[in-house]
Amino acid sequence: MLDLISKHTSNIQQTFKIKKLEHQLAKAENYKQWQHIAFELDQYTDALAWKHDLESSYFDADVILSRLNALRQYRAQHNIPAVIHLLREGLSYDIANICHPMLFSVIRLGTKQVIEDYVAEVSTCLSDISQLPNAEMNLEQKQKFFNHCQIAYGQPALMFSGGATLGLFHSGVCKALKEQDLLPNVLSGASAGAVMAALLGTIDADKLDVLTQSENLFSDVFQFKSFKMLLKEPSGFTSNEALKKFLMAHLGDLTFAEAYEKSGLHLNIAVAPYNATQKPQLLNQYTSPDVLIWSAVLASCAVPILFSPIKLLAKRNDGQYVPFLGDTQWVDGSVRSDFPQEKMARLYNMNYSIASQANPHVVPFMQTDVERYRQDVLSWPEKIVRQQGKLLVKGVMDFTRERVGAVPQVRRLLDHGYGIVDQHYYGDINIIGQYSLRHYTYLLQNPTSEIFKKLQLEGERATWPKLSMIEMHARVGKTIEHIVADLEKQQNTS
């Protein structure tokens, strides 16, 4: 009897301790503090036992264990041809499904130990090959091998959603990724996300901290029109003059081609034609090298009804500004292309995407990885409701367009609404805001220093639980990237 009481008391104490740690984790002020608390939580639960258990239905443990042992053996024997053969055979970030989201949903720091060991071993093998003496592998051979590795492995992309004032959430995401050297070289942004992406893509790499530490950076960029001004310009409820002034001051007259030369980052801005029958465009140094970035961002932020549509401007060789695609008018990119993953995959050899989602009309309907990948019978009703609900909404819009499509304003509104419903709002890794009613009041306010601090911290806290997953996805790619850069320096020096 005493043993039962003692066990019950111990369980109560453990439950209380876990709840206390979970509360502390949610209130962590920096990543180091979050890591320490997360490690304690993993110690108090069965997460560590799961970590060392090879069994899982989400990846092929036998394939990974076999490759890990073979790489270790060949490296110990200094059998470089065999190591290179094995690396080339499986140079993929998700070989044997090791990056399935459910493998990062049990333990807060890391994943299965065999997966961590395998990724570390691949990185070590690559580093060893890069350090081989010239007698075994000369500089030209190394460059050829690692350039092929870089193409085979691909690179990640970071996508920023729209979200108006709530888009300040993205600054916290950037801050957390930058501190861990996990910020991708490919960026895309739509609407408010276009502001964040453009600021990143036009600044010198060594000055990126300015974006995440300047509390007044986004002040006074969103202003409602007065009643008198609304009578003069009835095409939108807010003025784009403040935003235009802000963008021109911070982005200058850089074009997409010039921005890439300056920052080395691939910047993509999503815009949609005001005529909703035309397809959205992805502006970047390949598709629109001469377009002025401030013009692209202004167009991407032109939310229908709130802002007037925008005409894009390009810069000619003589420095003169000229219209881009004639008199075409453009609006908010997130209306039709919040996350342009397919287009970027073709342009940049993208292997996976990180989505920073702050759109107020999307976040309430987003699911966690556990909810999305559930396979049990109890999850079926919700999945059916979601799928059928989406089909029903699209059907109602189609029906309405057929009956009242002759009215241009109604037709355009329905077309934009259809674009919003029909999009896919998930990336491979998703960093999602957690909104309460208080957050929706921010949409009617100009960004203040206080709101900036709150939303930035929320962005950081939403990113910290994903860093283990992002690091596991990125480690081999980062190793290859650093080796390629080092070999280029060696070539330039020689």
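I started with burial: 49% of the 494 residues in the chain are buried. I am working from a predicted model, and I keep that in mind throughout.

Next I asked for the surface. The chain exposes about 24,600 Å² of accessible area, and carbon and sulfur atoms hold 54% of that.

Then I listed the secondary structure and got 22 helices and 12 strands. I also looked at contacts with a separation of 6 or more, and 76% of them join residues 24 or more positions apart.

I turned to the cysteines. How many disulfides does a search of the whole structure find? I got zero. Cys174 has 2% relative accessibility, so I log Cys174 as buried, the cut-off being under 20%. Cys301 comes out at 8%, so Cys301 is buried by that cut-off too.

Helix H5 came next, residues 80-89. Its buried residues are Ile80, Ala82, Val83, Ile84, Leu86 and Leu87. What do the buried residues of H5 pack against? I found helix H4 (61-76), helix H6 (113-130) and helix H7 (139-153).

My last stop was a helix pair, H9 (residues 192-201) and H12 (residues 241-251). Their axes come within 10 Å and cross at roughly 20°. Angles under 35 degrees count as roughly parallel, so I file H9 and H12 that way. I noted the crossing of H9 and H12 as left-handed. For the contacts, I wrote down Val195, Ala198 and Leu199 on the H9 side, meeting Phe246, His250 and Leu251 in H12.

Notes: Residues numbered from 1 in each chain as written. Predicted model: local features only at pLDDT ≥ 70, side-chain atom pairs only at ≥ 80, totals over all residues. Heavy atoms only, no water. Helix = DSSP H or I, 4+ residues; strand = E, 2+ residues; numbered from the N terminus. Buried < 20%, exposed > 50% of the residue type's maximum accessible area, 1.4 Å probe, protein only. Contact = heavy atoms within 4.5 Å. Areas by Shrake-Rupley, 256 points an atom, 1.4 Å probe, with all protein chains shown as cover. Disulfide = S-S within 2.5 Å. Axes fitted to C-alpha atoms, helices over the stretch in contact; angles between N-to-C directions. Parallel < 35°, antiparallel > 145°, perpendicular 65-115°, else oblique. Left-handed = near helix turned anticlockwise from the far one by under 90°.
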